[in-house]
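User: I would like to go through the strand pairing, the helix packing and the chain contact here, and to hear for each term why it applies.

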2 protein chains.
Amino acid sequence: MADGLATSFTITLPAWLGALLPDLPSHLATPEEQMALVHRLADRNWREGNGGPFAAIVVDAATGELVSVGVNVVLASGVSSGHAEVTALGLAQARLGTWDLGAHRNLALVVNWRPCVQCYGATMWSGVTRLVVAGDGPELERLTHFDEGPMVADWAAQFEARGISVVQDVLRDEALAVFRAYGESDATVYNARGQGALERD
Amino acid sequence: MADGLATSFTITLPAWLGALLPDLPSHLATPEEQMALVHRLADRNWREGNGGPFAAIVVDAATGELVSVGVNVVLASGVSSGHAEVTALGLAQARLGTWDLGAHRNLALVVNWRPCVQCYGATMWSGVTRLVVAGDGPELERLTHFDEGPMVADWAAQFEARGISVVQDVLRDEALAVFRAYGESDATVYNARGQGALERD
């Protein structure tokens with residue numbers, strides 16, 4: 001008979017971020033203000049040792065109301081799917097009490113690079129109707145050594161075809177600065193199978 | 001100031017499955033035995049109203065020891081990333097206390113169809129070194145009306161290139177029978193954005 005199988009797991013924000021939440025603004029009006037927060041959290045996240053240099057927030061697309069805040073918690077939570085996007089989307093769903101973030105209003109996911117292949121799907125099924133990214137391209141993998149996984153070439157068009165608009169290149173240089181600092185540090189590039197395949201955000 | 005932001009979310013097995021765990025065998029020696037359990041859980045899952053007709057287990061690739069059991073809990077948990085694979089992988093990581101399932105031994109993920117694009121990435125970064133699927137192809141989407149998302153054509157080769165072997169077509173007809181029963185029922189095909197884009201496993 002099977003013994004000791006787990007029946008639940010939990011994704012939790014790191015303590016430093018939990019403590020910061022009450023001080024965050026209730027609204028972030030522009031994509032630039034939203035992304036500036038994302039970059040700040042991404043940079044602190046890897047320095048705190050919680051996971052990769054990635055953060056994401058969910059905001060009301062019309063008002064900029066902050067609905068959730070996430071960072072990569074793979075190392076902190078011990079769960080490999082705990083990327084910034086999965087964390088932010090799950091926390092938004094927990095707060096709003098629905099698996100469908102598009103049920104009542106238009107919400108946007110704001111993240112500091114094009115999602116990896118896991119978070120590409122996670123975003124697609126979440127109900128958000130807008131994705132805002134700082135950038136796209138090989139720079140992330142080159143600077144951080146994370147593997148983003150195999151993506152279709154028309155990834156943005158596939159979002160648009162499903163009713164999710166994509167806004168690109170918001171504070172792109174600032175994203176690269178975070179990745180560069182991470183890559184030049186001695187931080188753990190956590191990697192499930194040695195040097196072969198890496199993971200991220 | 002931001003108010004009432006969530007700091008954690010939890011993925012939990014449905015009560016019926018938690019109650020079943022002590023009665024499951026500790027080992028499932030063959031891929032066929034493993035997949036038969038997956039099919040049984042997938043079929044019960046949608047009938048119980050927890051989510052889609054999808055289940056997954058993590059087993060020791062050498063001994064068949066059962067390490068975790070997951071089902072799609074999108075409806076039950078209110079978290080859209082709570083697909084069967086994400087659930088089974090996260091529960092295995094919770095049990096073993098590591099985000100890297102490949103840290104100490106070779107583990108396999110057994111699931112009743114090729115993963116959707118989210119779970120493709122989730123599997124890739126989990127540390128498992130083998131993926132066993134009942135099948136691949138358009139039948140799943142046709143029978144259930146779920147959207148699997150945009151996948152690269154060489155998805156299995158991409159796994160192999162990262163040290164993850166892929167075993168296909170284990171009890172394929174039995175998988176289709178579950179999907180067909182689901183599709184012919186009046187179960188909710190939960191869908192984050194109306195008729196346009198669906199989700200799954």
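Analyst: Let me begin with one pair of strands in chain A, where strand E5 (residues 130-133) of chain A is joined by 3 bridges to E6(A), the two running parallel. Within that pair, A:Leu131 stands opposite A:Val166 in E6(A). This is a predicted model, in which local features need pLDDT of at least 70 and side-chain atom pairs count only at pLDDT 80 or more, while totals for chains, interfaces and linings use all residues. Residues are numbered from 1 along each chain as its sequence is written, and chains are lettered from A and ligands numbered from 1 in the order in which they are written.

User: What makes E5(A) and E6(A) a pair of strands?

Analyst: Strands are DSSP runs of E with at least two residues, helices are runs of H or I with at least four, and both are numbered from the N terminus. Two strands pair if DSSP finds at least two bridges between them, and E5(A) and E6(A) have 3 bridges, so the term applies.

User: Why is the sheet of chain A called open?

Analyst: The sheet has 5 strands in the order E3-E2-E4-E5-E6 (chain A), with mixed pairing. E3 and strand E6 (165-167) of chain A stand at the edges with a single partner strand each, so one side of each is left without a neighbour in the sheet. From one strand to the next the twist averages 15°, where axes are lines fitted to C-alpha atoms, for helices over the stretch in contact, and angles run from 0 to 180 degrees between N-to-C directions.

User: Which partners does E2(A) have, and in which sense do they run?

Analyst: E2(A) is joined to E3(A) by 5 bridges, and these strands run antiparallel; E2(A) also pairs with E4(A) in the antiparallel sense, over 5 bridges. A:Val58 stands opposite A:Ser68 in E3(A), whereas A:Ala56 stands opposite A:Val111 in E4(A). The hairpin of E2(A) and E3(A) has 5 residues between the strands, and there A:Gly64 takes a positive phi near 75°.

User: How do you know that E2(A) is mostly covered?

Analyst: A residue is buried if 20 or more other C-beta atoms lie within 10 Å of its own, exposed if 12 or fewer, and partly exposed in between, with C-beta atoms placed from the backbone. For E2(A), 5 of its 6 residues are buried, and E2(A) is accordingly described as mostly covered.

User: Which helices lie on the sheet of chain A?

Analyst: Helix H2 (residues 31-48) of chain A lies across strand E2 (55-60), E3, strand E4 (107-111), E5 and E6 of chain A, running at about 150° to E2(A). H4(A) packs on the sheet as well, touching E2, E3 and E4 of chain A, and its direction makes about 145° with that of E3(A). Contact here requires that the C-beta atoms of two residues, placed from the backbone, lie within 7 Å.

User: What makes the unit around E4(B) and E5(B) right-handed?

Analyst: E4(B), helix H5 (residues 117-124) of chain B and E5(B) make a right-handed β-α-β unit. A crossover has that name if, with the strands pointing away from the viewer, the path from the first strand over the helix to the second runs clockwise. The two strands run parallel and are joined by 4 bridges, with B:Val110 standing opposite B:Val132 in E5(B).

User: Which residues of E4(B) point which way?

Analyst: B:Leu107, B:Leu109 and B:Val111 point one way and B:Ala108 and B:Val110 the other, and all are buried.

User: How do you know that the chains are related by a two-fold axis?

Analyst: Chain A can be laid on chain B with an RMSD of 0.0 Å by a turn of 180° and a shift of 0.0 Å along the axis, and that is the relation of a two-fold axis. The copies are superposed by least squares on the C-alpha atoms of residues with pLDDT of at least 70 in both.

User: Why can one say that the copies meet through the same surface?

Analyst: 100% of the interface residues of chain A are also interface residues in chain B, so the same surface is used by the copies. The contact takes 63 residues from chain A and 64 residues from chain B, and H4(A) gives the most to the side of chain A that touches chain B, with 7 residues. Across the contact, E1(A) and strand E1 (residues 8-12) of chain B pair in the antiparallel sense over 5 bridges, and A:Thr10 stands opposite B:Thr10 in E1(B).
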